[in-house]
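Hello,

I am handing over the structure we spoke about. Please open it before you read on.

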Amino acid sequence: MFKRELFSAGHEALREDVGAFLEAEIVPHHDDWAASGHIPREVWRKAGAAGLLCRTVPREYGGVGGSFIDSVVIIEELAKRRISGLLSFLQSDIVAPFILKLGSEDQKAHWLPGFCSGETLGAIAMTEPQGGSDISGLKTRAQRHGEGLLLDGTKTHISNGSAADVIIVAARADDGAPGQQPAISLILAEAARPGINRTRIAKSGMPALDTSEITFDNCLVPSGNLLGAEGMGFVYLMTFLGIERLALAIYAQASAERMLRDLIADCDARKGVEGTVLDFQNTRFSLADLYSACAVNRAFIDNCIKVAEAGRPDPKGACIAKLRATDCLRQIAALGVQYRGAAGISGESGSRATQDMVDSAVQSVWGGTSEIMRDVIGRGLASVL
Ligand SMILES: Cc1cc2nc3c(=O)[nH]c(=O)nc-3n(C[C@H](O)[C@H](O)[C@H](O)COP(=O)(O)OP(=O)(O)OC[C@H]3O[C@@H](n4cnc5c(N)ncnc54)[C@H](O)[C@@H]3O)c2cc1C
């Protein structure tokens with residue numbers, strides 16, 4: 001839809017390979033997986049064998065030592081096909097980097113090869129039933145107990161939560177001094193440990209994605225499962241959320257471009273007495289506004305990608321990218337129903353348009369809501385003067 005300068009011939013070849021894999025192995029089955037709320041385990045292994053997982057992980061840990069732009073290509077190809085089940089970037093660009101950057105040599109050697117091959121699945125658990133926006137208010141505890149740590153608490157809406165073999169759990173190490181933030185630790189909890197219970201959550205948005213509640217009831221893990229330094233979890237989460245939010249912005253932007261392209265085509269094809277729906281000035285004006293917003297967002301996001309690729313990720317830029325891309329996406333999704341008339345809610349085109357509406361609602365919630373993006377951007381305003 002827009003001219004871009006990010007991709008080499010190698011990236012374009014990767015795009016073709018990824019597209020061919022998704023068309024052959026994912027698209028034909030995706031409706032069934034949306035109905036069951038998860039994808040079969042075997043699909044992750046196939047994705048690993050096809051080179052879709054953890055491309056930025058170095059070769060010594062089973063990856064291909066690729067760059068962030070490889071991930072960008074994969075995220076975009078998933079979004080172009082409305083794929084919600086195999087959200088490989090959760091594993092590749094959100095969970096794996098915590099282990100790669102914070103893990104001990106043993107932890108990296110133990111977990112990363114399986115992450116790359118698809119033999120092992122990871123999840124990250126921050127959100128709790130009483131609220132996900134305020135991470136410093138989380139209640140799950142990780143208390144010292146002999147040589148180990150006792151985990152107690154509940155996490156909710158955790159992606160890949162039921163299937164994951166290992167869960168990075170954000171938990172309170174202590175309550176902090178009065179008026180101060182609690183100390184939060186990140187802990188690798190193997191899913192097979194006693195005291196862990198998982199329940200899949202039924203949901204309408206991103207339906208093929210396994211989204212689960214996980215309870216930890218006196219779950220004992222060795223203290224060697226701490227990821228990074230004890231009590232430093234809040235700092236780590238804030239640092240890594242930047243790349244998570246950029247990945248989510250990239251997914252939202254590619255979804256917005258796909259939906260806008262389809263909507264323009266459908267408006268152009270729908271003929272009435274006075275011409276097509278695209279001939280109405282009102283339609284053209286609002287689609288022109290959204291096309292312009294998409295164009296500006298594309299330029300901004302591609303710049304964020306370049307900066308991240310150069311090893312200088314910009315957390316605030318990622319918040320702006322996520323806020324703008326998801327806002328635009330939701331507007332396109334709403335018009336996607338309205339401008340198709342009754343066909344926006346019935347038949348094949350209607351089920352796609354209404355699914356786009358619910359899927360787009362997820363985008364402005366997960367990884368930090370739009371209100372939280374505005375809060376982060378707003379709090380830093382004085383520093384831009
Ligand atoms: C499909 C899906 C997958 C997810 N995957 C994961 C995952 O893998 N791991 C994980 O940890 N979490 C995951 N989440 C949870 C997600 O990150 C949270 O839903 C999100 O952070 C918001 O938290 P909440 O739902 O508890 O809303 P709340 O925090 O309860 O917020 C409710 C409302 O209040 C607003 N609000 C809250 N605080 C403020 C404030 N300070 N100022 C203004 N408004 C405010 C919010 O914007 C929102 O509109 C997932 C969610 C979904 C839908």
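Below is what was found, from the whole protein down to two residues.

First, the overall picture. The model is predicted. The protein has 11 helices and 10 strands. Its C-alpha atoms fill a box of roughly 80 × 50 × 40 Å along the principal axes. A compact globule of 385 residues would have a radius of gyration near 21 Å, and the protein agrees, with 21 Å. Of the 385 residues, 52% count as buried. The protein exposes about 16,900 Å². Carbon and sulfur atoms supply 53% of that area. Among contacts between residues at least 6 apart in sequence, 74% join residues at least 24 apart.

Next, T140. Look for T140 in the loop between β1 (122-125) and β2 (141-145). T140 has a relative accessible area of 0%, under the 20% cut-off, so it counts as buried. Its side chain makes a polar contact with the side chain of E128, at 2.7 Å. Beyond its neighbours within four places in sequence, T140 touches several residues, including D152, G153, T154 and K155. V169, A170, A171 and R172 are also among its contacts.

Then the chain's other residue of interest, L385. L385 lies in the segment after α11 (370-379). Its relative accessible area is 90%, over the 50% cut-off, so L385 is exposed. L385 also belongs to a nonpolar surface patch, together with L381 and V384. The three residues have about 380 Å² of accessible area together.

Best wishes

Key. Residues numbered from 1 in each chain as written. Predicted model: local features only at pLDDT ≥ 70, side-chain atom pairs only at ≥ 80, totals over all residues. Heavy atoms only, no water. Helix = DSSP H or I, 4+ residues; strand = E, 2+ residues; numbered from the N terminus. Buried < 20%, exposed > 50% of the residue type's maximum accessible area, 1.4 Å probe, protein only. Polar contact = N/O pair within 3.5 Å; in protein donor to acceptor, adjacent residues only side chain to side chain. Contact = heavy atoms within 4.5 Å. Patch = residues over 30% accessible without salt bridge, like charges linked within 9 Å, V, L, I, M, F, W, Y side chains within 5 Å. Areas by Shrake-Rupley, 256 points an atom, 1.4 Å probe, with all protein chains shown as cover. Salt bridge = Lys/Arg side-chain N within 4 Å of Asp/Glu carboxyl O. Rg over C-alpha atoms; globule rule 2.2 N^0.38 Å.
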